[in-house]
Amino acid sequence: MRLAWLAAGLVAILAGFAPAQDPPPVPKPDEKPAEKPAAAPETAAKKPLLVKAARIETGSRGTIFGGAILVTDGKITAVGTDVKVPPNAEVIEAGDGVVMPALFATATRIGLGGGGGRWVDIPGLGRVLMGGGGGGGPSGPHVQVADDWEPGQAVHRRLRAAGIGVLGLQPGSSGQSGVVALAPGTPAGTVVSRSAALVVRFSADAGSKSGLKQLLTDAGKALEEAEKKEREKKAEAKAAVPGVGPGPSPPPAPPPEAPPTADDKRKAVLVALAKGELTCWIVVDSAAAVAHLDPLLDGFTGKKFRFAVQGGADLHQVGALLAKRKIPAIVPTALATVPMSTLLDNPAATLARAGVELAFLPPNDDVNGFEAWRDALAQLVRAGLPRDVALRGCTSVPATLLGVDKLVGAIEAGREANLVVCTGDPFEATTRIRRVILRGETVHDEP
Amino acid sequence: MSRRVGFVLGLVIALASASVGQDPAPAPAPGKPGEKPKPKVLALVGGDVHTVSRGLLRRATVIATDGKLTAIGVGLTVPEGAETIDCAGKHVCPGFVAATSFGIGIAGGRGGKVGDSLDPFDSDMDLPLAGGITAVHVSAGGGGGVIGGETAVIHLAKGDLADMLVREPAAQYLGWPNASATDRQAAREGLEAAREHVKKLAEVEAAKARGEKPQPPQPDGKARPWLPFVQDRRLARVRASSAGDLIATCELAEAFGLRVVFEDATEAWSVADRLARAGALCLVSPRDVTPSDPDLARDSGSHPRAPAILRDAGVKVAVVPGDAGVDTGGIAGQGVQSLAVDAALAVRGGLTDDEALRAITLDAARALGVDDRLGSLDVGKDADCLVLDGAPLDYRSYVTHAIVAGKVRYEKAKHTLYGGTSAGGASTPTPAPGK
């Protein structure tokens, strides 16, 4: 792998010397010439931040009363009632307020444009979203929606003011989900994960069924192949140890590793899927589709796949099925009515009672939907959804499903400092958001 | 045809039919892993049981185990652990079979097998269940020519995907009346080829019986699409309303030994004898009343007396809902909500109560090709039954329980549909035991 990065670096340097064919992109101040893997952005050495509040909703381990959160270099370094205050810390006193994790937009396409749109530089206009408008864009396991991520849009400012800190970007049809931080930064610097889950669309028809079966079978085969190669490598390495092995002649040096091809990348995705490292995120169009999914999954029991099912307001009808297979559900934040009646129904509460882990989507995938998200969740709580399920469903659970729970999603040491300071209980309609801190920086402040 | 060849031909056809179409396996009852799952038993105790096949059993019990009927009779012992429904003062009958399709129970777009697109959560299932319908015909689509699309039969097994599919394919559309002259010519050639192939098969069987080792014959391309009809005796479903179309199809059916069921057979009553000779089944809607066309030299139109006229001629009749709508409007809710009313109209037209009940149960199942599984309360058939608070064809009766594949899928007391209206219903007084 090292060779690949060296080669890429060389190419980048050479490209700098090559004759310019297109107008060069507007240089950004903190962009380095060589590509770096997605990592924490460089923050100038800042003072540590201490946030004190009467109530801290951690989002993963319940409520802390009268505690504090210590933030250093954009990360949470300590949470609790006995946090040691460094002498030079900036203190934010939330008083009677409540601090909660910034919300995690579980699966969104906000700011990505209608499928297939790409950001291009137009001289005189700047960066513009072009194309798209249908078809969901390119699809397949190799597609990464993080390629379409463009931070700094006007919508993002409004999302931050609404307390959203992280976006789970979803491909238009099928492909790999990405996780990006809404903290200010470059496109590369704000990507938290390029390969967070593999999205597959599934309906009650023969085509979907054979497609999913093929994907899971291919993943199993790719894993077997990879494990076989590992074993062979280990056997070779063992044979190369002096004293062990057949003859006195020195073994040949192992060939240098070639850079990954498109097929290698695809296989890597399949292997991660088979190992359960990458969630298989199945978007269904009806509860009936889940009923058809159930017997299909029987063929893969005992394998390490991790599934999640994203559906609509009727998903509670298959709650028992999902609970039996321990498959989490991603559902819209909405109440429903019992068909042919004027009875109100709370599908999320039904699923929670059945034992299904829940992550929520806002009422609509647009700015108004996100701004109303807290209030919509409050209505679910009022209609019987346990409070902590509502809170975790928009913070730590989506982070876990997208494989980034060690990085974002809850107020815990080691995670990014994404905090929302409210004047009271986040579900109360009277509560205002006072301040939003993302990666340790205040991005929204009440005047 | 010599008698021996005829006998062997019959044997071949019987053997071929026995191997046609695998029905899906019923869902097993869940239990602890490694342990044989406990059987799920449902008992309907003490009602007036209309078996349809063997008459009325007063104060009898119906027992279903794992979705199939296992015992029907008087004075049965209910096994321990059974779910019991007290039917004293109530009526029990087989679930009604709707031999026309409504697009219920299917998710989204078609194309492909019905079994792949079933929707066990379709809320449109509630109204038909409340009206007593437990199984419906579904058209799989496809096939525009003379050989049409296949059809399937599904249970309205709300909530259980595994219990929904009864049979696919159950029958196949035959587009004979509207076929062009060239299509008809091609069809006749195909049928001829298929008939030749079946004859050859019979000769091969006869040769084997004599101890020879003949070559099995290969059907040619022309014959192949027609083999299901000719060799497997698959039901051919034909849309033919006018007398002329019915007669034309009968002629084809007799020429090639096809089993035919006529959909929307409005004028069937006017050619009843011809249909009886061809052994055809008819789907009629007694609710349709069309006056006879004065410009035609013959009788036309339709009226509630149609089923009785057909019965008198010896034609098997299934009564189908007046229209395919799922709604609560119109007379008693049109369509799927009032199949019992349509059967009662046939009584007005001259059928007996028993014949009318059979027209929406066993004869409807026969018209769909699933009478071995549905349509009557007989041991071994699927446990599709209704509990009603009055006689099945009494206009005041309500379905109190609709049982599909051994499970209660609709319970009037628990459903919101009739929550705002009065209970209604009247029980037929039953004589004291011993009388």
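Which residue takes a positive phi in the hairpin of β15(B) and β16(B)? Ala405(B) does, near 50 degrees, and the hairpin has 2 residues between its strands. Strands here are DSSP runs of E with at least two residues, helices are runs of H or I with at least four, and both are numbered from the N terminus.

Ground rules before I go on. This is a predicted model, where local features need pLDDT of at least 70, side-chain atom pairs count only at pLDDT 80 or more, and totals for chains, interfaces and linings use all residues. Residues are numbered from 1 along each chain as its sequence is written, chains are lettered from A and ligands numbered from 1 in the order in which they are written, and side-chain values use heavy atoms, with hydrogens and water left out.

β15(B) covers residues 399–404 and β16(B) covers 407–411. They run antiparallel, joined by 4 bridges. Two strands count as paired if DSSP finds at least two bridges between them. Opposite Ala402(B) stands Tyr410(B), in β16(B).

Now the sheet in chain B. It is open, has 8 strands and shows mixed pairing. The order is β6-β7-β8-β9-β10-β11-β12-β13. At the edges sit β6 (96–98) and β13 (316–319) of chain B, each pairing on one side only. From one strand to the next, the twist averages 25 degrees. Axes are lines fitted to C-alpha atoms, for helices over the stretch in contact, and angles run from 0 to 180 degrees between N-to-C directions.

Look inside that sheet. β10(B), residues 235–239, and β11(B), residues 260–263, run parallel and share 4 bridges. Ala236(B) is opposite Val260(B) in β11(B). Helix α5(B), residues 243–256, lies across β9, β10 and β11 of chain B. The helix runs at about 165 degrees to β11(B).

Two backbone points in chain B. Glu168(B) and Pro169(B) are joined by a cis peptide bond, with omega about 0 degrees. Pro169(B) is in strand β9(B). Val52(B) is not a glycine, yet has a positive phi of about 75 degrees. Its place is the loop between β1 (41–50) and β2 (56–65) of chain B.

Next, the interface. How many residues does each chain bring to the contact? Chain A gives 14 and chain B gives 14, with contact meaning heavy atoms within 4.5 Å. The two chains bury about 1100 Å² between them, 67% of it on carbon and sulfur atoms. Buried area is the accessible area (1.4 Å probe) that two parts lose on being put together, summed over both. Of the area that chain A buries against chain B, 43% comes from His292(A), Gln317(A) and Met340(A), more than from any other three residues.

The interface has 1 salt bridge by the rule: a side-chain nitrogen of Lys or Arg within 4 Å of a carboxyl oxygen of Asp or Glu. Lys209(A) and Asp116(B) form a salt bridge, with the closest N and O atoms 2.8 Å apart. On the side of chain A that touches chain B, α3 (206–240) and α5 (287–298) of chain A each supply at least two residues. The largest share, 4 residues, comes from α5(A).

Last, salt bridges over all chains: there are 44. One of them joins Arg325(A) to Asp294(A), closest N and O atoms 2.6 Å apart. Arg325(A) lies in the loop between α6 (319–324) and β14 (329–332) of chain A and Asp294(A) in helix α5(A), so the pair ties together parts that are 31 residues apart in sequence.
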